[in-house]
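These are my notebook entries on a structure that is new to me. I set down what I looked up, topic by topic.

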Amino acid sequence: MPPRFLSGILLCTLVSTGSAQTVGSDPATRAYSPRCAPPLATALYCMELLPTARAENAAAVVELGRAASPFQVAVTPAGHLTYELTAWIEGLPDPAELGPYTTYVAWATPMALDPVLRLGPVRNGENALGRVALNKFLLMISAEASADVTEREGPLILRGRSPSTRIEAHDMLAQAPSAAQAPTRQRADTTAHTGHVMTDDHAATPGVDPAGWTPPPMYPGLAMLPGVMAVRPAVDPLRVLPAGIDPAALPEVRPAQMVELPDGGTLDLEAGFVRRRIGQQQLVMLAFNGQQPGPLLRVRQASTIFVNFTNGTPFPTAVHWHGLRLDNRFDGVPGVTQDAVPPGGSFRYQVHFPDPGIYWYHPHHREDVQQELGLYGNMLVDALEPAYYGPANREEVLILDDLLLGENGITPFGAQAATHALMGRFGNQLLVNGEPDWALDVAPGEVVRFFLTNASNTRTFNLSFTRTAEADAAAQREARMEVKGDVAYQTLPLKLVASDVGRFEREERVASVVLAPAERYVVEARFPEAGRWVLRNRVQAIDHRQGVFFPEERTLGEVRVSGAPTEEDHAHTHEELRAHASVVADIDRYRHRFEDAPDHHLVLDLQADSLARPVRDAMLYDRVYANPVEWAGTMPHMNWASTAREVTWILRDAASGLENMAIEWRFRVGDVVRIRVVNERDVFHAMQHPLHFHGQRFLVLSQNGAPTENLVWKDTVLLPAGSTTELLLELSNPGRWMVHCHIAEHLEAGMKFVLEVEER
Ligand code: C2O
Ligand code: CU
């Protein structure tokens, strides 16, 4: 091989096309991609284009780059991942050599080859191809007579498939003995299962099965391999309500009440059992002060309040004040900042609010159980700066959750260790402010400022306000098909204003909001005329058994617009997008650090060697493809059966090799550090992680090499599978602070460490 072929990509391409001798004779046109290094066979953000017989020496690598988005993952309102494509092409001959052609043109198309989207003319070297938002797609490059062709007419020269086309159907594994064999306990005829028939697991053993478990409900319309259905968690089910307590005697849950607290004010907060009805089910849950969500605390920036917390639950617990840069002693992390508050015990918190915005509180002990059962609430911190936000007719605080409900109530938790350790506990009952049917009435023309918090254990939302009823029916019909484009909903434009720890540098318009666990976003919407806007979560889920994407659409609630138009019309100011010089100036102090080499390098990894064999077998598809964000819980059974005993999620300090709680990071107040976080692609089950830093704030500088265009201070960042994210962490607050994944089950499965910040 000639020595000038130094690019590993080229080597890989050449070997696979078998035309090494003649390719790339002109070094000036050599295909080269800085971020797409081999092996490309399992890469999530790169694809290789192979030549046809017409131009055997041509080769190309295409990067699926991060499309500009204020969120860590760019998606359409329907949930299609959106990529900015760049092609590095080499070896294209003069098109005239191939026939009556003058140019090459690139095209993208879903697997059904319809429609074919024109990406534009290309040549040897680097080519920006623009955006593509398709679940599975082909890229084609053809020779054409004119650069203006709108449909492909000329011959195909290069083509390749998106990484998502590699998803493997679990049915491929049906030959594996561990996947197919049903133990005697499972009497179902395994050959009778199709993709749309539920397994007979429930029917064979109604209610509780011999291991004492009630398995989680199946995902509607999807089945799992029979061998997987027989697996049970390697722990006992947790008994939530102590013997002797009559559920009927528990207080009925109440909705959250707003509590305005002055500087120096005190709140009594008690965690305890409540009774609540959802649908036909009478449930036993937990609540703060009998409310779900817990009381909404409204305070002023720079104030300090006191919270007398009492633990009326049978579990050790503590209250963490998420996102606040408060005094470390009151951060509420058992084993790090305090001892767990035992059942019947109490603790007095002193809670300080240095930053305006929306924050939340939740337990930091068996979060997978206690948060799921309803222990969470918001804190709304009013800014000292006047006109911090633009004018609005009303403010609504929405905390989102998903509860896992089976036929016999809430799916049991693991006693000795958390269940759902692989993907986290996806719920099936979406809740807004604890309500299955959240609704808001507004007058036409009203501008509403929404403060959004994701309190679910693992679900990442993609939220939008959409209509109409007719479109609903169309979506139902398409529900099981590969989607060619977005369902034709009308989507209400949203103005994105702020996130975890303050405002963006400038407001911008978005069509949907991507909200990972623990993240917050503040958006404003104007409801123009009478009608009904449905708050929806719309994502592209994967049917793993068949290896296909399908749209998952869930309704969270609705805004009903009726009556006389508002007299206080903010249409004008709502149209404006403000820039915030004070936010820019605050960040300016650190801009000279943006290009620095990382001071620390974290790698996200997974160890899952002792998983049950059928689960291991069924998950091997991840070797070829992992969804950058696992949006939906479409593998409920095997996910449930994996516990924190077999699964260890890992944060590794690359420099020392130390992992999780063994990591020792020491800083001083005033330090500003660059951190590179690599969410390892090549692990047994790559998935996203919302990484949270306690007590500090940070900037997300870039992801996969693409700089963030509009910065905002964060405390939690969504790290898609296989991504590399650059952070700038400001150490402003002394103490011992947790860093962890905010998927509750990943936290339980070890994904955490403590960083220490000393006084200067
Ligand atoms: Cu919501 Cu450790 O945090
Ligand atoms: Cu995680």
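**Entry 1. Aromatic pairs.** I began with W665 and F753 in this predicted model, and I found W665 buried and F753 buried as well. I then looked up the pairs of rings in general and noted a count of 20 aromatic pairs. For Y45 and Y83, I read 6.1 Å between the ring centres and 65° between the planes, so this pair is edge-to-face. I noted that the pair joins distant parts of the chain: Y45 sits in the loop between α1 and β1, Y83 in strand β3 (residues 83-90), and 38 residues separate them. I checked burial next: Y45 has a relative accessible area of 11% and is therefore buried, the limit being under 20%. The value for Y83 is 11%, so Y83 is buried too. I returned to W665 and F753, which form an edge-to-face pair with centres 5.0 Å apart and planes at 70°. This pair links distant parts of the chain, since W665 belongs to strand β34 (residues 665-668) and F753 to strand β42 (residues 752-758), 88 residues apart.

I also recorded one aromatic cluster, formed by F288, F309, W321, F347, Y349 and Y361.

**Entry 2. The nonpolar cores.** Which residues have the most contacts inside the largest nonpolar core? I found L85, L139, W321, F450, F527 and L755, in a core of 189 residues. Strand β10 (residues 266-278) supplies the largest share of this core, 6 residues. I then looked up the neighbours of L85, leaving aside residues up to four places away in sequence; among those it touches are V62, L64, L119, L129, V132, F137 and L139. I noted that another core, of 11 residues, lies apart from the largest one, and that I358, L380, Y388 and F451 are among its members.

**Entry 3. The copper ion.** Which residues coordinate the copper ion (ligand 2)? I found H689 through ND1, C741 through SG and H746 through ND1, at 2.0 to 2.1 Å. I wrote down the spacing of these donor residues in sequence as H-x51-C-x4-H. H689 lies in strand β36 (residues 689-693) and C741 in strand β41 (residues 735-741), so the pair ties together parts 52 residues apart in sequence. I checked both residues and found H689 and C741 buried. For C741 I noted a relative accessible area of 0%.

**Entry 4. The disulfide.** How many disulfides does the structure hold? I found 1. C36 and C46 form it, with their sulfur atoms 2.0 Å apart. I read a torsion of about -90° about the S-S bond of C36 and C46, so the disulfide is left-handed. I located C36 in the loop between α1 (8-17) and β1 (46-51) and C46 in strand β1, so that the pair links distant parts of the chain, 10 residues apart. I found both C36 and C46 buried.

**Entry 5. Helix α8.** Which residues of helix α8 (residues 581-588) are buried? I listed V583, D586 and I587. They span an arc of only 95° around the axis and therefore lie on the same side of α8. I then looked up what the buried residues of α8 pack against, and I recorded β27 (502-510) and β37 (697-703).

Conventions: Residues are numbered from 1 along each chain as its sequence is written. Chains are lettered from A and ligands numbered from 1 in the order in which they are written. This is a predicted model: local features need pLDDT of at least 70, side-chain atom pairs count only at pLDDT 80 or more; totals for chains, interfaces and linings use all residues. Side-chain values use heavy atoms; hydrogens and water are left out. A nonpolar core is a set of buried Ala, Val, Leu, Ile, Met, Phe, Trp, Tyr and Cys residues joined through side-chain atoms within 4.5 Å. Buried means under 20% relative accessible area, exposed over 50%, partly exposed in between (1.4 Å probe, protein chains only). Helices (H or I, at least four residues) and strands (E, at least two) are DSSP runs, numbered from the N terminus. Contact means heavy atoms within 4.5 Å. Donors are N, O and S atoms within 2.8 Å of the metal (3.2 Å for Na, K and Ca); water is not among the atoms, so sites may look incomplete. The arc is that of the directions from the helix axis to the C-beta atoms. A disulfide is a pair of cysteine sulfur atoms within 2.5 Å. Rings of Phe, Tyr and Trp (its six-membered ring) pair if their centres lie within 6.5 Å; planes under 30 degrees apart count as stacked, over 60 as edge-to-face and the rest as tilted.
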